[in-house]
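Reader: I'd like to learn how to read helix packing and cores in a model like this one. Could you walk me through it?

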Amino acid sequence: MSTTPTDTIASRLALSGTGFDADRADFDMLNAALQATGLDTALAAPDADLTLLAPTDAAFLSLARSLGYEGGSEAEALQAILGALTGLAPDGDPLPLLTDVLRYHVLGTALDRRELTGATELETLLPGATLRPFGTTIGDA
């Protein structure tokens with residue numbers, strides 16, 4: 001019996017490794033955030049009709065630094081982000097806010113690059129949040 005590996009968003013992200021490292025172009029921090037929120041399960045579904053606008057570790061580090069983190073460790077940077085979200089969360093639980101941030105980076109349909117850049121607005125999985133392409137850049141609508 002032969003099996004064919006399933007290519008999912010989660011399996012593609014997993015190619016970047018299984019732990020924090022010094023490579024800022026991969027997705028270690030995104031993988032950890034997705035696992036913490038349980039969103040990795042949705043991205044592992046073979047029939048998921050989604051597009052992930054995947055921030056690299058460099059993007060997460062940039063966010064952490066804008067929140068006051070001064071180091072270079074991916075693990076510590078993610079903890080700094082979670083700490084900031086904890087301070088913003090009404091009940092002190094950062095995971096619902098992190099989930100919303102991640103849902104803001106997922107579109108409810110699978111699109112290729114041409115479809116992304118040709119769209120006028122992109123509806124995210126975060127209710128009421130849309131993005132707008134500006135050439136090859138995507139920003140808030």
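Reader: Let's start in the middle. Which residues touch the most other members of the largest nonpolar core?

Author: A word first: this is a predicted model. A nonpolar core is a set of buried nonpolar residues joined through side-chain atoms within 4.5 Å. In this case the largest one has 21 residues, and Leu30, Leu34 and Leu102 touch the most other members.

Reader: Which elements give two or more residues to this core?

Author: They are α2 (28-37), α3 (39-44), α4, α5 and α6 (95-103). The biggest share comes from α5, which gives 5 residues. There is also another core apart from this one, with 5 residues, including Leu53, Leu107, Leu122 and Leu131.

Reader: What does Leu34 touch, leaving out residues up to four places away in sequence?

Author: Leu34 then touches Leu13, Leu39, Asp40, Leu43 and Leu102.

Reader: How do I read the packing of α2 on α4, and at what angle do their axes cross?

Author: Look at the distance and the angle together. The axes of α2 and α4 come within 7 Å and cross at roughly 75°. Angles of 65 to 115 degrees count as roughly perpendicular, so that is the term for α2 and α4. On the α2 side, Asp28, Met29, Leu30 and Ala33 meet Asp57, Phe60 and Leu61 of α4. By type, the contact residues are 5 nonpolar, no polar and 2 charged.

Reader: And α4 with α5: what is the orientation of the pair?

Author: The axes of α4 (residues 57-66) and α5 (residues 74-88) come within 9 Å, crossing at roughly 50°. These two helices are therefore oblique to each other. The crossing of α4 past α5 is left-handed. From α4, the contact uses Asp57, Phe60, Leu61, Leu63 and Ala64, and from α5 it uses Glu74, Ala77 and Ile81. These residues divide into 6 nonpolar, no polar and 2 charged.

How values were computed: Residues are numbered from 1 along each chain as its sequence is written. This is a predicted model: local features need pLDDT of at least 70, side-chain atom pairs count only at pLDDT 80 or more; totals for chains, interfaces and linings use all residues. Side-chain values use heavy atoms; hydrogens and water are left out. Axes are lines fitted to C-alpha atoms, for helices over the stretch in contact, and angles run from 0 to 180 degrees between N-to-C directions. Helices (H or I, at least four residues) and strands (E, at least two) are DSSP runs, numbered from the N terminus. Angles under 35 degrees count as roughly parallel, over 145 as roughly antiparallel, 65 to 115 as roughly perpendicular and the rest as oblique. A crossing is left-handed if the near helix is turned anticlockwise from the far one by less than a right angle, and right-handed if clockwise. Contact means heavy atoms within 4.5 Å. Ala, Val, Leu, Ile, Met, Phe, Trp, Tyr, Cys and Pro count as nonpolar, Asp, Glu, Lys and Arg as charged, and the others, Gly among them, as polar. Buried means under 20% relative accessible area, exposed over 50%, partly exposed in between (1.4 Å probe, protein chains only).
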